[in-house]
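Hello,

Here is the structure we spoke about. Please open it, then read the notes below.

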Amino acid sequence: MIIPLDRHSQNPIYLQIRSYLSRLIQSGKISAGQKLPSIRALSESIQVNKLTVIEAYSLLEADGLIHARQGSGYFVNSIINSSFNLKYRATSLVASTHFAPAQEVIISEGGGSFLEQYTASIQARRQADMIDFSSGFPHNPGLGNLQRIAKRALAKAGDILFKEDFPQGQLLLRQLIAQMLVQTGLVVSPEEIIITTGSQQALSLAMQYYLQPGDWAIVETPTYHGALGILENLGAKVIGIPMTAQGMNLELLEQYLNSHRPKLIYTISTLHNPTGITTSQEHRQKLLALAQEYECHILEDNAYEGLNFEPVPAPIKASDDRHDLVTYISTFSKTLMPGLRVGYMVVTGEHYQHLVKQKLLNDLHVSTVSQAIVSEFLGSGHYRRHLSRLRSSNLQGRNMMLQALEHYFPDAIASGTALRAIAWTIPKGGLFLWIHLPNHLSIQAICREAISHNVLIANGAVFFPGRGYVAMRLNFCHTPENIEQGIKIIGSLIQKYLTSTADCR
């Protein structure tokens, strides 16, 4: 293969190789399944170092365009359109092409059920042959790479494993995370990063720091139920601002910023949990501008960053955060494995040392073993390749679940004199689909009966700080067989309860 290269260009050679091959793949000139030249063959034909070809192939793999087969080389993936929209199943009497739940604000002063939901979910997952659509984590990729990387990481760590460490985390890991964040558009120094025991601890530390009992906090509705549990435990009062297709309703946000003067806005800007929505750059800038106007801190929780099928805007923290109002949080639990319990927070300005102190008093520091393993994943390039494979697998799972929903879920349903549709989001990445159901359905009964059929569903009610609309969250990171079987069961249960509800009217 001959690749035209400009060796005098400021654009690095490996990026030129990536761009050229990317155009060939996306135009179909290199077809799906076709094998690319070996690293040695390509390096010789275009007269570049092997490491340059490796870097180019690694980026193409991270782009989801190619994949590596052990001992066989690199092969082209199938290209799938992953545009975001919300699909409504309806007859011609009901036509809607946008996400439009009722724009109702929820005011809550506590009463969440995170502990009960979490423990019930763990118990149910341990049942044999359970199809777990409720999980917040990707599928288990196996221990092959982990065992090799962990062995190498522990050998490199040496004496560090037998010593206490700094509460903010190992410098090497913070340096690698800072380098990784540059790819998202967020430029920070290692001295502005705190390694935490998962993002759950980061959320807890930040909320404890910014809030006192009785303070108002704003969340999106729906939102991550673990964050609602922390707010309840702190004694904070919660204002739930409804989501639109673009993200949090900013008109209502401004109204409640003015009327209640909250101390904190909690937002998931990329691959929102549970809806999967990713906000635009314009929405992010407007949200930050409102926070600056009303002097309200923002807690940006992007736990699913890196699982996007398409490019996403830079984090809110990457905007003009001149007053250090934004604390950015993410984790490796959603991309590597939850058992490592490694997350991190980006904190700038005067808040950094205060949160380092809170981290020290909380648990001294994150496991040095876990930190060493994540550092090895990042530093060796395995993490980028792992993300590429994960995104490809997740995209296939998402599309398979969408096909199953189309096939097995009921069509438009009668609600009084009108027809209502079952709706679901089609996110640009992440792990979830969000299913919006008619309000007269008993989601509790559907979830209970699904368990008896070995299918576990996340009841949408837990993602609201009060009474929200009827919905369910489904994790699409499963085998095609489990997706089809599970969605078939859920679809039949929805039809059953729709029929029984209609008979009672």
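**What was found**

The protein has 15 helices and 20 strands. Helices (H or I, at least four residues) and strands (E, at least two) are DSSP runs, numbered from the N terminus. The radius of gyration is 24 Å, close to the 23 Å that the globule rule gives for 505 residues, so the protein is as compact as a globular protein of that length. That radius is taken over C-alpha atoms, and the rule is 2.2 Å times the number of residues to the power 0.38.

This is a predicted model: local features need pLDDT of at least 70, side-chain atom pairs count only at pLDDT 80 or more, and totals for chains, interfaces and linings use all residues. Residues are numbered from 1 along each chain as its sequence is written, and side-chain values use heavy atoms, with hydrogens and water left out.

Of the 505 residues, 53% are buried. Buried means under 20% relative accessible area, exposed over 50%, partly exposed in between (1.4 Å probe, protein chains only).

Now look at helix α12, residues 368-380. Its 13 residues reach 18 Å from first C-alpha to last, close to the 18 Å expected at 1.5 Å a residue. The expected span is 1.5 Å times one less than the number of residues. In α12, 10 of the 13 residues are buried, so the helix is largely enclosed by the rest of the structure. Among them are Ile373, Val374 and Phe377.

Next, find Leu360 in helix α11, residues 351-363. Leu360 is partly exposed, with a relative accessible area of 39%.

Best wishes
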